[in-house]
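Here's a quick briefing to read with the model open beside you. Take a look at the structure first, then work through the notes.

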Amino acid sequence: MSSLSPETVQTVAGLEKYKHGFSTDIEQEFAPKGLNTDVIRFISEKKGEPEWMLEWRLAAYERWQAMEEPTWAKVDYTPVDYQDLYYYAAPKQKAGPKSLDEIDPEILETYKKLGIPLKEQEVLAGVEGASRYAVDAVFDSVSVVTTFREELAKAGVIFMPISEALREHPELVRQYLGSVVPVSDNYFAALNSAVFSDGSFVYVPPGVRCPMELSTYFRINASSTGQFERTLIIADKGAYVSYLEGCTAPMRDENQLHAAVVELVALDDAEIKYSTVQNWYPGDAEGKGGIYNFVTKRADCRGDRSKVSWTQVETGSAVTWKYPSCLLKGDGASGEFYSIAITNGRQQADTGTKMVHLGPNTRSRIISKGVSAGRSTNTYRGLVSAHPKAKGARNFTQCDSLLIGKDCAAHTVPYVEARNSQAQFEHEATTTRLSDDQLFYAMQRGLSQEEAVALLVNGFVRDVLQQLPMEFAVEAQKLVAISLEGSVG
Amino acid sequence: MTMLSIQNLHVSVADKPIIKGLSLDVPAGEVHAVMGPNGAGKSTLSYTLAGRGGYEATGGSVDYLGEDLLALEPNERASKGVFLSFQYPLEIPGVPALTFVRTALNAQRKARGEGELSAPEFLKLVKQKAKDLRIDFEMLKRPLNVGFSGGEKKRMEVLQMAILEPRLLILDETDSGLDIDALRIVSDGVNALRAPDRAMLVITHYQRLLDYIKPDRVHVLVAGRIVDSGGPELALELERSGYDKYLAEAA
């Protein structure tokens, strides 16, 4: 059978069931609208930052003003009016709440609704056998709480909001901040460097295996507000850490900007596993509203035998521009990129990775699964390159695209640059349409059309889902189903 | 009690009439064979009964347990007990056979207002049925039908029947692609499902399958209509003389 029935296409094209679309009504404090040096000073002062940080921000702002917004991605959107945004929004509260009792109950309720455990005792009293994980909760521009800090501190692991790290561990932050993604790397990174508000800071000391999963939960709540997350993770020699971020936002008619920068540093024999479940509000079926997700994520595998693994499940956002990458510098360093990108309605995603082989014997592996439905556009864009010194570099890339319906599009844009003769690169790509035969087979066994689509798509993305930490894999599997559902039964 | 009653059914595929006035009654507890040459409309009949898109009933009626079968979605038919064993079972990449069957069973139970089967209950059930069909349990952890041999695929169909316990079984060319050992195992599995409240429609080109699955009635389907009906002896006669007699009449 060549094409799906119109009903199937319509069913999966429906987008109204965004489960996290509520907003929280609380008193918030804003910086004046617009972007200028005063606003940057305001943010820096609010955070009680050292002087060098302010200067760093101002320098980034100056660079940003001289730059132009990139247009090479296969996305089309209403330009952002950078003077019509709030760059800082924070729940009104006493500075730095010390315990959960001091946090606005409305915020606690928000995270409860989202299913994010903020009370350690509740996590501890949770389902038997379920593993514990620590959470840093970022609400608009500030982190509201970070759990399990004391227990982590016993292991020597630092896990705290980056704003706090700037005060408590300025030397560490200063050493690594901007060392992976330089201020002037790209337009959005420069903007982020000037105005970033909060995010997580992780440092795992030499030889330490972080005793639990770390996670940050980003929530955009306020309207007309940009979120500028900045995350910095350092795994010292022989250290291991697994980190996960989740993201949601209320349903709003306007487009909101999320321009994040994430930097990972892996020293000798260190390993970082970074997983993302991105479920920002995607806009309605006609493409009204939704988050612009313009994100720079990069890992510096500077140590020998260091390893970084990116896993992403991208189901939300109106427009996604995101390429989590690895600079493979150390001898024998390895990078992995596992991606599921699902677009529906009018969503547009241009996402992929860069694996830059700089050191000898470096290895990388890319598995990308794109699913397009409705009238969406889904592009995989990737670069694999080998420097002349990267003797024995190896890469394996597999890009699979699945199309649901006739009005969506999938594109694969792989760039490969081997500048030495000993590099071995493999690339496989497939594009298939969701099969009517398979769909009918599943329905003949009793699955509704929606259940059948969800089952088949979950099968398609299974290789990547398996890379997620257990406790998030189940959630991600449900999310895959929901993001393709017209109505949740 | 008549379980399935087809009256003067007309079906077109892409505006081309394939079934042209087919009538057939299958009572509960009986096994009916539908035999016919290539292109007679055998697969069209099974797909129409299962509700596949693109198979348009342009006339006539199909009554299943007092309901208008043609008005139901494929999954509604399934949860009401209609099971089609595919001539070419589909490969479902990335979905372990266990997951597939469990999802199907629970979807049907939910539709019937029954509770879902717990994981241990389900595993116990599957293990027993797999053993009966000589299916290695490890195979059920692999994606359904992906890389399975023809015989393994057909055994997976019978396993699904045994677990889903349908009321009306439609076997579409179940013997195709089977060697003699696989045919015996599959037939044993099907025969084990014979029951007074269950009916079977065995659609086949060759008489061979009917040596293993003994029909109560045999119908001859030629050019979209049932042109002859009789007891099991009719199948043997067809084996000797072929369909030429009927084809000449139809032409």
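Predicted model: local features only at pLDDT ≥ 70, side-chain atom pairs only at ≥ 80, totals over all residues.

Residues are numbered from 1 along each chain as its sequence is written, chains are lettered from A and ligands numbered from 1 in the order in which they are written, and side-chain values use heavy atoms, with hydrogens and water left out.

**The six-stranded sheet of chain B**

- Helices (H or I, at least four residues) and strands (E, at least two) are DSSP runs, numbered from the N terminus.
- In chain B, 6 strands make an open sheet with mixed pairing, in the order β6-β7-β8-β3-β9-β10; two strands pair if DSSP finds at least two bridges between them.
- At the edges sit β6 (82-85) and β10 (225-230) of chain B, each with a single partner strand, so one side of each has no neighbour in the sheet.
- On average, neighbouring strands here are turned by 20 degrees against each other, direction ignored.
- Strands β7 (residues 168-172) and β8 (residues 199-204) of chain B run parallel and are joined by 5 bridges, and B:L171 stands opposite B:V202 in β8(B).
- Helix α1 (residues 42-50) of chain B lies across β3 (31-35), β6, β7, β8 and β9 (217-222) of chain B, at about 145 degrees to β8(B); angles run from 0 to 180 degrees between N-to-C directions, and axes are lines fitted to C-alpha atoms, for helices over the stretch in contact.
- Helix α5 (residues 150-164) of chain B lies across β6 and β7 of chain B, running at about 170 degrees to β6(B).

**The four-stranded sheet of chain B**

- Another open sheet has 4 strands in the order β2-β1-β4-β5 (chain B), with antiparallel pairing.
- Its edge strands, β2 (16-27) and β5 (67-68) of chain B, each pair on one side only.
- Strands β1 (residues 2-13) and β4 (residues 55-64) of chain B pair antiparallel over 8 bridges, with B:L4 opposite B:Y64 in β4(B).

**A helix pair in chain A**

- The axes of α3 (residues 51-65) and α9 (residues 187-195) of chain A come within 7 Å and cross at roughly 150 degrees.
- Their contact (heavy atoms within 4.5 Å) includes A:W56 and A:W64 of α3(A), and A:Y187 and A:L191 of α9(A).

**Where the chains meet**

- The contact takes 34 residues from chain B and 18 residues from chain A.
- There are 3 salt bridges between chain B and chain A, counting a side-chain nitrogen of Lys or Arg within 4 Å of a carboxyl oxygen of Asp or Glu.
- One of them joins B:K110 to A:E451, with the closest N and O atoms 3.8 Å apart.
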